[in-house]
Amino acid sequence: MTALVIAEHDHASIKPATLNTVTAALACGGDVHVLVAGANAAEAAKAAAQIAGVSKVIAADSASLAENLAENVAAQVLAIAGNYSHILFPSTANGKNVAPRVAAKLDVAQISDITKVDSPDTFERPIYAGNAIATVQSADPVKVITVRTTGFDAAAATGGSAAIETAEGVADSGKSSFVGREVTKSERPELTAAKIIVSGGRALGSAEKFTEVMAPLADKLNAGLGASRAAVDAGYAPNDWQVGQTGKIVAPQLYIAAGISGAIQHLAGMKDSKVIVAINKDEEAPIFSVADYGLVADLFVAVPELGKAL
Ligand SMILES: Cc1cc2nc3c(=O)[nH]c(=O)nc-3n(C[C@H](O)[C@H](O)[C@H](O)COP(=O)(O)OP(=O)(O)OC[C@H]3O[C@@H](n4cnc5c(N)ncnc54)[C@H](O)[C@@H]3O)c2cc1C
């Protein structure tokens, strides 16, 4: 029984979501291999070989894999899929783009967003925005899985010494082509990797106030900035800051929610945070039910004061 983890990488280094996925793969009970499908990605393959618990890295290098096109990455996974009992992707935008194609081609059901491995064929996954946990048993010969990274600790990035084997890179599928990429550049940590997140809700009232009130606190704490969907929909914060069921799932060491009511769809994205601080002027706000520390206060007073006190 061997599990294959599809690495998330930028051709030079391995992204943290890969490490949590390796932990899930190790929990499946057998050997763990990592596929690094990229172009000129030798450095990423070397980094993958150092992950603790990984016994082999398969490096597939091809110009067709330079832009991470899902059709090509899926074909690369399928080229070696026959050797594996489990194929695991991080439940990221990339992973979720490739995994269903692999599952469909293998004619198996995808097991999505697992948070626990009970046994090699039985997994736990949240449903109804995290209000219930489904235990799913799969009889498929290959388990194609996406892993909710907040459900598993990160494997150590160093300490391993896996062998690196090269695999022939797939040809371009010709079904899609890369046109361009616009990447948001931010000095702040990316939300899913941030150790601290400062998040604001509809109460902020405008994009200007959001920046004026929330950004200084985030700067002080070197935190990522998050937002509720109401704040995003109102244009107070950009789309990629949204935390929740239809946004990002995060579990930082510290999550500070200011002017966020705590709707279940928001909680679904942040309730696994280690310490939750809520600032809300309504003492009945549901966010207080998950908060470790709650402050009933006007955020326009409390957030600047907190920033000053730090
Ligand atoms: C299918 C679906 C998916 C969804 N996905 C998401 C998701 O991914 N993420 C998400 O966040 N939501 C999501 N939602 C929306 C969710 O249901 C809520 O509408 C949303 O989270 C509310 O955002 P909010 O807490 O900022 O706003 P509100 O619910 O309006 O809450 C504002 C809060 O601010 C407090 N407040 C007001 N003024 C102040 C002040 N001066 N100082 C302090 N506190 C103040 C109020 O007491 C209130 O609690 C989804 C909804 C659906 C139906």
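Strands here are DSSP runs of E with at least two residues, helices are runs of H or I with at least four, and both are numbered from the N terminus.

The model is predicted, so I note that local features need pLDDT of at least 70 and side-chain atom pairs count only at pLDDT 80 or more, while totals for chains, interfaces and linings use all residues. Residues are numbered from 1 along each chain as its sequence is written, and side-chain values use heavy atoms, leaving out hydrogens and water.

I then checked the burial of β9 as a whole. Because five of the five residues in 143–147 are buried, β9 is largely enclosed by the rest of the structure.

Next I looked up its neighbours, where pairing requires at least two DSSP bridges between two strands. β4 (residues 86–90) runs parallel to β9 and is joined to it by five bridges; F89 stands opposite T146. β5 (residues 110–114) is also parallel to β9, with three bridges, and I111 has I145 as its bridge partner.

I turned to β3 (residues 56–61). Six bridges join it in parallel to β2 (residues 31–38), with V57 as the partner of V34. Six bridges also join β3 to β10 (residues 163–168), again parallel; K56 has A163 as its bridge partner.

Last, I checked the crossover: β2, helix α2 (residues 42–49) and β3 form a right-handed β-α-β unit, meaning that with the strands pointing away from the viewer, the path from the first strand over the helix to the second runs clockwise.

Conventions. Buried < 20%, exposed > 50% of the residue type's maximum accessible area, 1.4 Å probe, protein only.
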